[in-house]
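The following exercises are to be worked with the sequence and the structure in view. Each task is followed by a solution in steps.

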Amino acid sequence: MDDGSLAALVALGAFHGLNPGMGWLFAVARGLQERSRARLLQSLPAIAAGHAASVGVVAVLVALTRSVTTTRVIAVAGGAVLVGFGLWRLLSRRHFRWVGMRLSLWQLACWSFLMSSAHGAGLMLLPVLTGMPAPEGHDHGLHGGGAALSAGIFVTGVHTLAMFAVAGAVAVAVYEFLGLTVLRRAWLNLDQIWALALITAGGVTLVTA
Amino acid sequence: MALWKPDPTFYASPREAVKAPPETLAYVAAFDRKAAQPDAIAVLDVDPGSDSYGSVVGWTELPNTGDELHHFGWNACSSALCPYAPHPHVERRYLIVPGLRSSRVYVLDTKDDPKKPGIVKTIEPEELAERAGYSRPHTVHCGPEGLYLTALGGADGDGPGGIALLDHTSFEVLGRWEVDRGPQYLAYDAWWHIAHDVLISSEWGTPSMVEDGVVGELLLGREYGHALHFWDLRKRTHVQKVDLGDEHQMVLELRPAHDPTKLYGFAGVVVNVEDLSASVWLWHRDGDAWAARKVISIPAEPADPEALPPVIRPFGAVPPLVTDINLSVDDTWLYVSCWGTGELKRYDVSDPFHPVEAGSVRIGGIVNRTPHPAAPDLPLAGGPQMVEVSRDGRRVYVTNSLYGAWDDQFYPDGVGAWMAKLDSAPDGFTFDERFFPHGDDFRGLRPHQVRLQGGDASSDSYCYP
């Protein structure tokens, strides 16, 4: 994996971490509800775990598929899916629905998994995934499968670590210093930017296929 | 189109919401008891710096007659900031306006011309009946996965009432909210402790019990609602019924604490059939269960039977008839409407278990007919009824009509139409003499619920303390 891909992976992780809808806001709410920073901090790993699971599924799937077919096929198919999904996110006025505030950490991880999946967080990594050097020996599936799996796990790990760091920093900053007033001033409509990012990611994947 | 920044009328916490700028317009539901002319949403200028302050400056007539507009609410509110499904870039711009008698629901858009909202959608009674199994829609709240619409009646007339869920954006009826309604049959209001996944509902009566006026036999037989119900907001299942005692007839408005860390709220009870008093109850946690206790009791006022309408003449006293209450956003002041005696009381509820009366004004009333200070020679019928509080808690608006059939029973010589505003400060609670739209200002319609532009004390719920 080259430096550019790594940087892209980290940047996307930071972008996902920054999105209030991906979990830091929930962590802040949980902390405020009990006036407990510990509760905020406990929430963050669960949220990151759910995000990692969602991204990991895509990363591993792509890596495994690459070990049995050509990258070009995945890139074209995946890019098309991405552009379509992004357009749908952009034009649809539907939003994710979940109706509970009192969640166990396990439920919080599930919430994060669903939230990330519904928003196509893993899909956004597609250009990075297809841009990586193909796993060695994709002609014989078994070896390739092992290498692909570890590549997928590596990608997920790096991405999630970046997401976790940014989400954690924002959550603590809002909880400790900024306060919730910042939401009114600084909460840009990330859903729109997010959708555009998905479309861009799909476009990049297609162009470089 | 979605906004790039959160709707400026959304606030994460009640602490922030109390800093909201003063409202400049108020929307008032107004209906024609005779069902001869269409009901309307009247738009009032409530900007003290404006030349038309205190007058009706806009008017949206509905296309039908006989809807009986009553309560209504916004399409979106501060709950859009809640962390589990945040979507704060929607706009607070549509009023969801049910017709309590016709079961028709109108959606009005206040954005293009706030003084003359346009009708953008009508939900016909058949849609509400077929999809949700309900009729007589009442309270509207912007909730976690849709708009919650309480209903007094079932699809084919009488009970059980309950809650219908409407889509946030298309306003289509999604269906019945309850998965398991438990023992609740009579319905009225509903609201929630949103940060605790708890919904609370209250009881009035089925359409046949209320639409032709209060039925004496049912009241003395203690058959109107007298319980609170607690629900799991996530699972949509009934959790617990708390019976206030069957002498406490008609449990109406529910005002949970706005502070999401708190688990208490107030419910108003119209009448105690044993002594005609009215009461306010506090619900709270007691160990692992819900409990309720009476924290305010308002006695009936003795009166000459000749001065009383037939419905209460045998009792020789005027019941206070607490028919609406409202809690300020900072959870400090509770306003209690005594529609029978013509009094609006204010309580300091900083300690919710021990409310302290902190102000009272008289206006209207079955016997007193107290005039407004702006027109001291004009006796007023009706009493303070729907009460709404501005987000900063400094202004309180009241209207005088309760419900068509009941107005006629308690004020048989005509309930009239008026609205008043009070200035509420820690050391004073007084009428604003510049604000008194009345009589023909309402074109013969009777005013009911007031909604303030940008939100008010009973429109928003908050997920952050």
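**Exercise 1: Phe26(A)**

Phe26(A) lies in helix H2 of chain A; helices (H or I, at least four residues) and strands (E, at least two) are DSSP runs, numbered from the N terminus. The model is a predicted one, in which local features need pLDDT of at least 70, side-chain atom pairs count only at pLDDT 80 or more, and totals for chains, interfaces and linings use all residues. Residues are numbered from 1 along each chain as its sequence is written, while chains are lettered from A and ligands numbered from 1 in the order in which they are written.

*Task.* Determine why Phe26(A) counts as buried, and list its contacts beyond four places in sequence.

*Solution.* 
1. A residue is buried if 20 or more other C-beta atoms lie within 10 Å of its own, exposed if 12 or fewer, and partly exposed in between, with C-beta atoms placed from the backbone.
2. Phe26(A) has 31 C-beta neighbours inside 10 Å and therefore counts as buried.
3. Two residues are in contact if their C-beta atoms, placed from the backbone, lie within 7 Å.

**Exercise 2: Helix H2 of chain B**

*Task.* State which residues of helix H2 (residues 125-132) of chain B are buried, and where the exposed Glu126(B) and Glu130(B) are placed.

*Solution.* 
1. Leu128(B), Ala129(B) and Ala132(B) are buried in this helix.
2. These residues lie on the same side of H2(B) because they cover an arc of only 105° around the axis, the arc being that of the directions from the helix axis to the C-beta atoms.
3. Glu126(B) and Glu130(B) are exposed on the other side of H2(B).
4. The buried residues of H2(B) pack against several strands of chain B, among them E6 (105-109) and E8 (134-143).

**Exercise 3: Confidence in chain A**

*Task.* Identify where in chain A pLDDT stays under 50.

*Solution.* 
1. pLDDT is the predictor's confidence in each residue, from 0 to 100.
2. Chain A has an average pLDDT of 85, and 91% of its residues score at least 70.
3. Residues 137-141 of chain A stay under 50, and the model gives them eight contacts beyond four places in sequence.
4. Where pLDDT is low, the predicted coordinates should not be read in detail.
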